[in-house]
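Visitor: Could you take me through one part of this model slowly, please? I am new to this and would like a close look.

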Amino acid sequence: MKRAYVFPGQGSQFPGMGKDLYESSERARELMERANEILGFRLTDIMFEGTDEDLRATKVTQPAIFLHSVVKALCAEELPAPDMVGGHSLGEFSALVAAGAVDFEDALRLVSVRATEMQKCCEKVPGGMAAVIALPDEKVEEVCAGVEGLVIPANYNCDGQVVISGEKEAIERACAALKEAGAKRTLPLSVGGAFHSPLMEPARVELAKAIERTEVRTPRCPIYQNVTALPETDPQRIKDNLLQQLTSPVRWTQSVKNMLADGATEFREIGPGTVLQGLVKRISGAAGVEVTIL
């Protein structure tokens, strides 16, 4: 049996997230209070008492999901060591902590810089994202390439589900064209901006600086990174991929398929929500693969 631990990204947040952990574990309280100190504001208050709208701000969402996921991973009793890890977008940072490649505090600082700079991009150039259902990846790529304006496939979530990202008007044009091309449905997403697209390019400068000053060690197990969908253990390649991820697609479908090809028989989702549980089940579609949540 090979275990794969996977960590969710933006969109898995919900009001009240993490409150049960805070109230039930002294170690969790220590980590969460330390996070408040590092960030310079009480993130936990927003997590526990904030509204959907409060949690949707990128500079809040990313640290909140990261904190929830990592606290779960670090505070779980008798959690077996994984044979491989992966994370969807932001979840990649949680996965690095779980694999021992980056310390909790360093990763939180890195996530904070990423979130802050991405928030600036969202405010500077309005953008959006939309889910495309029941159309082959290649067809989504073809249609986006032929649409006026900036729009690209951003998340390959599972076979038949791709999220596109870009300028709002280009997203609208692409959705119409994708429906004409046979998509069963296109669904605009309630997100802060055009993540994993060139519209995030201005965030690269500060994020590059933050990644460069962050110590990344050889992980205890391979991490399947979004940019390549391949297992990585080299610290410098991990750093390079973290930066490239900012404007590159999340190749989640390909990552999970590669984990399966490398022998993964048990997937455990660690963090808020159950989104990845559903995606992994759809991607694997195979008897003998166990998918659970923590």
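Guide: Let's start with Glu117, which is buried, at a relative accessible area of 11%; buried means under 20% relative accessible area, exposed over 50%, and partly exposed in between, with a 1.4 Å probe and protein chains only. Keep in mind that this is a predicted model, where local features need pLDDT of at least 70 and side-chain atom pairs count only at pLDDT 80 or more, while totals for chains, interfaces and linings use all residues. Residues are numbered from 1 along each chain as its sequence is written, and side-chain values use heavy atoms, with hydrogens and water left out.

Glu117 has a salt-bridge partner, Lys120, and their closest N and O atoms are 3.2 Å apart. A salt bridge here is a side-chain nitrogen of Lys or Arg within 4 Å of a carboxyl oxygen of Asp or Glu. Lys120 is partly exposed, at 47% relative accessibility. Because Lys120 and Glu117 are three residues apart in helix H7, about one helical turn separates them. Helices (H or I, at least four residues) and strands (E, at least two) are DSSP runs, numbered from the N terminus.

Asp106 and Arg109 are also three residues apart in helix H7, so about one helical turn lies between them. Their side chains meet in a salt bridge of 3.6 Å, N to O. Both count as partly exposed, Asp106 at 24% relative accessibility and Arg109 at 38%.

Glu105 is partly exposed at 28%, as is Arg34 at 27%.

What about the nonpolar side of the story? In soluble globular proteins, nonpolar side chains tend to be buried together. A nonpolar core is a set of buried Ala, Val, Leu, Ile, Met, Phe, Trp, Tyr and Cys residues joined through side-chain atoms within 4.5 Å. In the largest such core, which has 60 residues, Phe66, Leu67 and Phe104 touch the most other members. Helix H7 (residues 104–124) gives this core its largest share, nine residues. Beyond its neighbours within four places in sequence, Phe104 is in contact (heavy atoms within 4.5 Å) with residues including Leu31, Ala35, Phe66 and Leu67.
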